[in-house]
Amino acid sequence: MPTLDNIAATKAILAKYNFHFQKKFGQNFLIDRSVLSGIVEAGEVGPEDFVVEIGPGIGTMTQYLAESAGQVLAVEIDDKLIPVLQETLGSYDNASVLHQDVLTVDFLEIAKEKNGGKPLKFVANLPYYITTPIVMQLLQNEIPFSSITVMVQKEVAERMQAQPGSKDYGALSVAVQYYTDPELNFIVGKGSFIPQPKVESAVITLKPKKTPLNPAVKPEHMFTVVRAVFNQRRKTLLNALANGGVLGGNKEAISEALLAAGFEPSLRGEGLDLEGFAKLTEALYH
Ligand code: SAM
């Protein structure tokens, strides 16, 4: 039975271990039962799943996950939380802790070693200071996943789902929508955490796209182009691509490729949709 899903139990365990929140680790712990069960439901966690939780904190959500999943592996960076997790997860023999910086974890190896190469399921209340690097790590390293259900800042969830023409549309939108179909589950207020974050949050699920966008386009080429365009979104396509080092920054070669594919070099790239970026990448790297 979960034991930590309320403010009194959370405060008691924090006091027992004399734990102090570390801002640098983005520590905002959940104290709201309906949010905790909502996340497990959104992740469709079941007995067949090997779930990876990024940043378990004191193990509040880990307990919920362990109640439903086959296996849970919780990756935590903070030394001070390891003894706490030993206690709070002690009665769950399907939950284990990996004491490591998530950005250095080889999830391909974990899928192979611990789950017979089958896809992992990621569920997390993410540390907000590294949301984008974590999500990009999972998406771009070809890690097999059945879904990624994460709590992020509300604004970040909006950026993940943004469409061309909106001010929120950027490199994160293109990356997330290139690899997955994002679906917003629900919004979470500041009062569901201790300490309270400064911003509202949202739970979003990313499911892998069934069919790749354009198999002729290599993701690393596409994202060189995407980064170049959004790093200088007010510049023309020609200048942004050249400054971003595309085709070695050779303006003539870029201009030629753009014109041959029907792109006006003086256009801005920020309004391109996924297909547009794929077509542009194909034109530049054929
Ligand atoms: N899952 C807990 C909850 O919902 O109550 C805690 C979530 S808290 C927002 C983020 C957690 O991620 C913290 O436990 C923090 O120490 C951990 N964390 C921060 N940076 C990390 C990193 N680079 N690798 C692994 N864990 C990290």
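How do β7 and strand β9 (residues 201-208) pair, in the parallel or the antiparallel sense? Select both: β7 and β9 pair in the antiparallel sense, over eight bridges. Within this pair, L184 stands opposite I204 in β9. Strands here are DSSP runs (E, at least two residues), as are helices (H or I, at least four), numbered from the N terminus; two strands count as paired if DSSP finds at least two bridges between them.

The model is predicted, with pLDDT of at least 70 needed for local features and 80 or more for side-chain atom pairs, while totals for chains, interfaces and linings use all residues. Residues are numbered from 1 along each chain as its sequence is written, and side-chain values use heavy atoms, without hydrogens and water.

Now show the open sheet, whose seven strands run in the order β4-β3-β2-β5-β6-β9-β7 with mixed pairing. Its edge strands, β4 (95-99) and β7 (180-188), each pair on one side only.

Next, select helix α7 (residues 154-161), which lies across β6 (145-153), β7 and β9. Contact means heavy atoms within 4.5 Å. Then pick helix α8 (residues 171-179), lying across β7 and β9.

Move to the largest nonpolar core, which has 62 residues; F107, F122, M222, L241 and F277 touch the most other members. Such a core is a set of buried Ala, Val, Leu, Ile, Met, Phe, Trp, Tyr and Cys residues joined through side-chain atoms within 4.5 Å, buried being under 20% relative accessible area (1.4 Å probe, protein chains only). Helix α9 (residues 219-231) gives the most to this core, seven residues.

Finally, centre on F122: its contacts include V52, I54, F107 and L138, leaving out residues up to four places away in sequence.

Key:
Axes fitted to C-alpha atoms, helices over the stretch in contact; angles between N-to-C directions. Buried < 20%, exposed > 50% of the residue type's maximum accessible area, 1.4 Å probe, protein only.
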